[in-house]
Amino acid sequence: MKIKEYDTNELLMIANNVTGEYTDKKVRQAKLELYRRGVDDKVIADIMEEKEEAFMKRLDAAALAEQARLDKKREKKENRRTKETMKGSQNMIKACIFDLDGTIADTVESIAHAVNRVLEHFGLVPRPVEAFNFYAGDGFDLAVERALKDAGDAELNYLQEGIRLGRAWFNEDPLYHVKPYPNMRETLTALREEVPIAVCSNKPHEAAIHVVESVYGPGFFNRIQGQTAEIPRKPSPIGALAIADALGARPEECLYFGDTNTDMQTGNAAGMFTVGVTWGFRPRQELIDNHAMELLDRPEEILTLFHRKNQEK
């Protein structure tokens with residue numbers, strides 16, 4: 001067990017070497033770790049000189065101090081969570097939830113790169129990147145299925161093996177040519193100062209976290225939710241509703257942004273104000289046909305919409 005893994009009470013026991021079982025090196029390491037935690041030389045020296053009864057009293061005091069430190073750390077964490085939940089509580093809109101692929105990041109080449117490797121593996125002709133604007137959006141497995149059909153595997157004989165290989169190849173380089181859309185980072189940086197922001201993706205949960213944090217950095221979003229056993233693929237509204245609940249917002253207090261018919265269906269099913277963005281994968285008419293409540297043509301318009309919605313009564 002590494003010295004840093006001991007709690008303060010155990011370190012005091014080692015530094016005092018009551019049982020005589022510890023080496024001089026172990027005792028020195030314990031004392032150094034105690035110094036690092038703010039226990040000064042005098043305290044340790046006093047402990048070394050005290051008899052066992054006095055030492056146990058000091059040990060009890062140290063235990064109380066350690067508990068106080070842990071309580072303070074826990075309180076700080078709870079305060080941070082409360083602040084996160086309450087951010088923007090004076091607003092009509094209390095959370096903004098974003099799709100990932102085609103909404104906050106241009107990921108189409110990463111998907112095309114992996115799926116086209118699958119097609120080549122089976123001797124099929126790779127599909128143009130533009131085709132993946134329509135293959136993507138409903139999860140990786142469906143992207144593979146759609147590409148296989150268009151490449152000539154009408155019976156989907158290669159589907160299961162293609163999904164397995166495609167996932168493995170995608171995981172090798174999930175950030176292939178991935179980038180945020182122009183002005184998106186600046187817009188979201190300003191937005192997150194006013195309201196909690198989150199991501200709801202059809203990517204597997206760990207992959208969604210990896211991509212988002214690689215592009216925007218850890219902690220940039222208040223919440224990242226991908227597909228799990230408990231959170232099914234969109235257009236199920238369960239993921240979006242779970243995010244709203246975690247951020248302390250009712251569905252009607254959320255803006256949901258996406259670029260596909262699936263996203264429009266998700267936001268509407270969740271009872272959120274559903275916004276279609278036209279810079280992503282799908283055409284404007286698809287968003288209209290699937291009941292987008294508003295359309296945005298540039299990321300900068302996100303802030304304008306947020307401020308306008310907060311003025312509505």
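Buried means under 20% relative accessible area, exposed over 50%, and partly exposed in between, using a 1.4 Å probe and protein chains only. By that rule F221, at 7% relative accessibility, is buried. This is a predicted model, where local features need pLDDT of at least 70, side-chain atom pairs count only at pLDDT 80 or more, and totals for chains, interfaces and linings use all residues. Residues are numbered from 1 along each chain as its sequence is written, and side-chain values use heavy atoms, with hydrogens and water left out.

**Overall build**

- The protein chain has 14 helices and eight strands. These are DSSP runs numbered from the N terminus: helices are H or I with at least four residues, strands are E with at least two.
- Of its 313 residues, 46% count as buried.
- Contact means heavy atoms within 4.5 Å. Among contacts in the protein chain with a separation of 6 or more, 64% come from residues 24 or more positions apart.
- The accessible surface of the protein chain is about 16,300 Å², and carbon and sulfur atoms hold 51% of that surface. The areas come from the Shrake-Rupley method with a 1.4 Å probe; for residues, only the protein chains shown count as cover.

**Aromatic rings and charges**

- The whole structure holds seven aromatic pairs. Rings of Phe, Tyr and Trp (its six-membered ring) pair if their centres lie within 6.5 Å; planes under 30 degrees apart are stacked, over 60 edge-to-face, and the rest tilted.
- F220 and F221 are edge-to-face because their ring planes stand at 65°, with centres 5.3 Å apart.
- F220 is buried too, at 9% relative accessible area.
- The charged end of R192 sits over the F220 ring, 4.6 Å from its centre. The test is NZ of Lys or CZ of Arg within 6 Å of the ring centre and within 35 degrees of the ring normal.
- K309 lies over the face of F273, 3.9 Å from the ring centre.

**Strand β1 and its partners**

- Strand β1 covers residues 95-98; A95 and I97 point one way, C96 and F98 the other, and all are buried.
- β1 runs parallel to β6 (residues 254-258), joined by four bridges. Strands pair if DSSP finds at least two bridges between them.
- C96 stands opposite L255 in β6.
- β1 also pairs in the parallel sense with β4 (residues 197-204), over three bridges. Here F98 stands opposite V199.

- Helix α1 spans residues 8-16, and its buried residues are T8, L11, L12, I14, A15 and N16.
- At the start of α1, a side-chain oxygen of D7 comes within 2.9 Å of the backbone nitrogen of E10.
- N17 follows α1 with a positive phi, near 50°.
- V115 belongs to α5 (residues 108-121) and is buried at 1% relative accessible area.
- Beyond neighbours within four places in sequence, V115 is in contact with F132, F140, A143, V144 and A147.

**Backbone exceptions**

- Most residues other than glycine have a negative phi, and most peptide bonds are trans.
- A cis peptide bond joins K234 and P235, with omega about 20°. P235 is in the loop between β5 (223-227) and α11 (238-246).
- H177, not a glycine, has a positive phi of about 55°. H177 is in the loop between α8 (159-172) and β3 (179-180), and is partly exposed at 43%.
- N183, also not a glycine, has a positive phi of about 70°. N183 lies between β3 and α9 (184-191), and is partly exposed at 38%.

Conventions
A polar contact is a pair of N or O atoms within 3.5 Å; within protein, one must be able to donate a hydrogen and the other to accept it, and residues adjacent in sequence count only if both atoms are side-chain atoms.
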